[in-house]
Amino acid sequence: MCISQNDLADKIAHIASMDLIYRSARRIAILLEDIQLDKNEEEAGLAYAGFYADLCREIKNAGLEGAEKAWCAHESRMTRHQKVNNPLFLCFGSGGRVISFEFRFIHYLGLYLSSKEPQDFSLGLDAKAKINDPNPVTLRQRWWRIQRLMPDVGQTDSALQHLVSILAFGCFLKRDLISIALNTGGIPLSFDGEDIQCVEEAIWRFALLVLASGDLVPFVASGSKLWIAHGERRSISWLPKPDQGVMDDELPNPLPKSITAVTREYIELDLLVFEAMPKQASPESQDKATCLISKHNLNGLADQHFTALGQNAQTVIRSAISAMMRITPNSDISHVCLHRYLSLAIDNGLNWILDFPRIMRKITSDAWLHGIIGDATDPNLAPAARTLLAFFNQPTTTPDGNDTDLVARATRSLTTLINPCLLLFTPSPRLLPLSPSLGTAALTPGTSNKSYVAVPAALAHLPGHYERAWVLEPFDPVAPPERLSDMLPPANLRIVKDGEKEDGRKIEDVMPVLNSDYEDRRAARDDVRRTWRLRRRQAVFGCPGRVWAEEGKVMLDKGDVRLEGGEGLVLLRKQRVYGAEDYPWGEIHAAMQKVVAEAGKELG
């Protein structure tokens with residue numbers, strides 16, 4: 001069989017049939033015609049192949065044949081026939097003769113050798129760019145490329161995985177990216193479009209197909225801003241450009257009617273909009289948290305909990321801390337984070353504190369990679385639990401001198417609150433107040449003092465570790481484009497004291513944008529135009545109300561939810577959301593530092 005590369009119809013038909021062709025083949029041989037090994041490479045390769053064959057034989061003899069499947073996932077899923085020598089790679093040896101290697105051996109050897117290679121990057125934030133680098137250098141990068149090509153790793157993988165897994169490999173005709181992803185994803189469609197000019201266009205079109213199929217993964221995929229073409233101009237999409245090699249399982253959309261329109265420029269959908277900005281804990285709660293941490297050495301206990309985590313979790317947390325220290329180099333990120341979570345918990349009240357382990361256990365039991373939060377109790381925290389209960393005037397001992405049940409519950413709550421993995425949700429949590437019926441409060445990272453936090457109704461039921469919250473601002477689509485200078489302070493800004501200018505104006509009056517710890521300067525919602533721009537996505541969690549649970553899907557679908565304001569949340573129908581850049585926080589922070597430094601000089 002061959003495919004005519006000059007016949008578009010022939011190519012489209014055969015690409016759409018490749019899964020049937022390969023799965024029906026009794027033997028798949030891949031000739032690497034541009035590869036010739038030298039004598040040393042040939043001898044080493046054949047020796048390792050012999051060792052591998054011996055290992056497989058020992059596994060089979062010991063009755064452990066199932067363990068082989070982790071090494072040979074590719075051929076065992078690609079073909080229904082024999083696994084041994086299928087697929088088979090052929091290349092030229094040092095003398096010009098053709099030699100062969102099993103794919104499962106290459107996969108295993110690549111993993112083995114890469115594990116011996118010095119680690120040039122850590123898991124976590126810095127790993128994404130290197131793992132997805134289209135020009136791999138290290139063995140680990142190259143092995144990861146093989147791993148990403150494994151088909152049918154999970155039968156429930158999102159279809160978006162099949163596109164993401166091939167993006168870093170390049171494709172001369174970008175339309176073929178969609179055709180290949182459709183085929184490997186088992187979607188019985190072919191793509192015959194000829195107007196795909198770039199990878200971003202392929203992502204955009206395929207993501208729309210995934211959303212139309214009822215899968216919400218494109219909404220919550222981690223990634224950067226996606227730029228797409230509109231004729232002669234380009235703009236930022238409301239969709240992200242996914243950058244991870246492994247996506248989530250399918251996330252079925254329980255509220256398809258909540259998404260009413262999709263265009264290149266915007267998406268129209270129902271939003272649950274928080275009325276308040278994210279805010280810091282009160283000074284009183286911060287003082288109580290400081291007392292609790294100091295009196296009972298909670299920082300030291302939290303450090304012990306960190307060392308008890310698995311190696312991968314420790315590495316990811318260290319990577320996250322390292323990234324944040326580039327912005328605040330003199331901060332003890334983990335201890336500051338603990339103080340923030342504890343302060344907000346005290347602000348939210350005892351009932352919220354006692355329910356927090358259950359909330360986090362539910363969140364992290366589903367598709368969370370770093371262990372379950374909320375299922376452990378450290379008895380060393382019992383004294384701190386008694387102090388915490390005293391803040392709320394609760395008894396800690398029974399008449400016969402034993403601890404009350406509240407002490408055990410508060411101990412588990414403190415164990416949850418000092419868990420270092422909370423830092424992976426956000427190191428800078430802020431409070432979104434809600435009515436008791438909606439969960440009392442939600443936690444989320446800070447935003448700007450011009451932004452609203454909203455959750456698309458279709459995403460409200462998802463576990464809180466997903467970036468299901470959208471940071472939005474009211475937006476006029478015909479307004480002039482934003483400029484960097486519009487977001488930075490005036491060059492001649494001078495602060496005298498207490499955040500005021502010389503003429504007595506507040507810093508909020510002269511700074512175009514600040515973080516949400518400052519005074520609220522949000523524009524009023526435009527309920528006539530109903531248009532927003534999307535700055536970024538982030539997590540929102542810690543809210544146990546019914547609207548965020550499974551039953552909330554039914555309530556929102558039937559229209560049983562009447563959220564018209566006053567409870568901390570409002571349900572807005574058919575809102576149009578456009579893409580936008582996030583604020584240049586690095587430049588804003590640098591400008592503010594300069595202003596503060598100048599103020600220090602003037603004050604002596």
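Residues are numbered from 1 along each chain as its sequence is written. Because the model is predicted, local features need pLDDT of at least 70 and side-chain atom pairs count only at pLDDT 80 or more, while totals for chains, interfaces and linings use all residues; side-chain values rest on heavy atoms, with hydrogens and water left out.

A search of the whole structure for salt bridges (a side-chain nitrogen of Lys or Arg within 4 Å of a carboxyl oxygen of Asp or Glu) finds 22 of them. One of these joins Arg264 to Glu201, with the closest N and O atoms 2.6 Å apart. Arg264 lies in the loop between strand 6 (259–262) and strand 7 (266–274), whereas Glu201 belongs to helix 10 (residues 199–212), so the pair ties together parts that are 63 residues apart in sequence. Helices (H or I, at least four residues) and strands (E, at least two) are here DSSP runs, numbered from the N terminus. The accessibility classes are buried (under 20% relative accessible area), exposed (over 50%) and partly exposed (in between), with a 1.4 Å probe and protein chains only. Glu201 counts as buried because its relative accessibility is 7%, while Arg264, at 27%, counts as partly exposed.

Glu265 forms a salt bridge with Arg233, at 2.7 Å from N to O. This pair also links distant parts of the chain, since Glu265 sits in the loop between strand 6 and strand 7 and Arg233 in strand 5 (residues 233–242), 32 residues apart. Glu265 has a relative accessibility of 34% and is therefore partly exposed, and Arg233, at 44%, is partly exposed.

Elsewhere, the side chains of Asp486 and Arg483 meet in a salt bridge of 3.1 Å, N to O. Asp486 is partly exposed at 38% relative accessibility, but Arg483, at 54%, counts as exposed. Salt bridges that share partners also join Glu473, Glu482, Arg533 and Arg535 into one network.

The next element is a sheet, in which two strands are taken to pair if DSSP finds at least two bridges between them. The sheet is open, with three strands in the order 1-2-3 and mixed pairing. Its edge strands, strand 1 (29–36) and strand 3 (98–102), each pair on one side only, and the twist averages 30° from one strand to the next. Strand 2 (residues 88–92) pairs with strand 3 in the antiparallel sense over five bridges, and the bridge partner of Cys91 in strand 3 is Ile99. Helix 5 (residues 103–116) packs on the sheet, touching strand 2 and strand 3, and its direction makes about 70° with that of strand 3. Contact here means heavy atoms within 4.5 Å, and such angles run from 0 to 180 degrees between the N-to-C directions of axes fitted to C-alpha atoms, for helices over the stretch in contact.

The buried residues of helix 13 (residues 298–307) are Leu298, Gly300, Leu301, Ala302, His305 and Phe306, and what covers them includes helix 12 (283–296), helix 14 (311–325), helix 15, helix 17 (382–391) and helix 18 (405–417). Helix 15 (residues 333–348) has 16 residues and should span 22 Å at 1.5 Å a residue, which agrees with the 23 Å between its end C-alpha atoms; the expected span is 1.5 Å times one less than the number of residues. Among the buried residues of helix 15 are Ile333, Cys337, His339, Tyr341 and Asn348. Just after helix 15, Gly349 takes a positive phi of about 100°.
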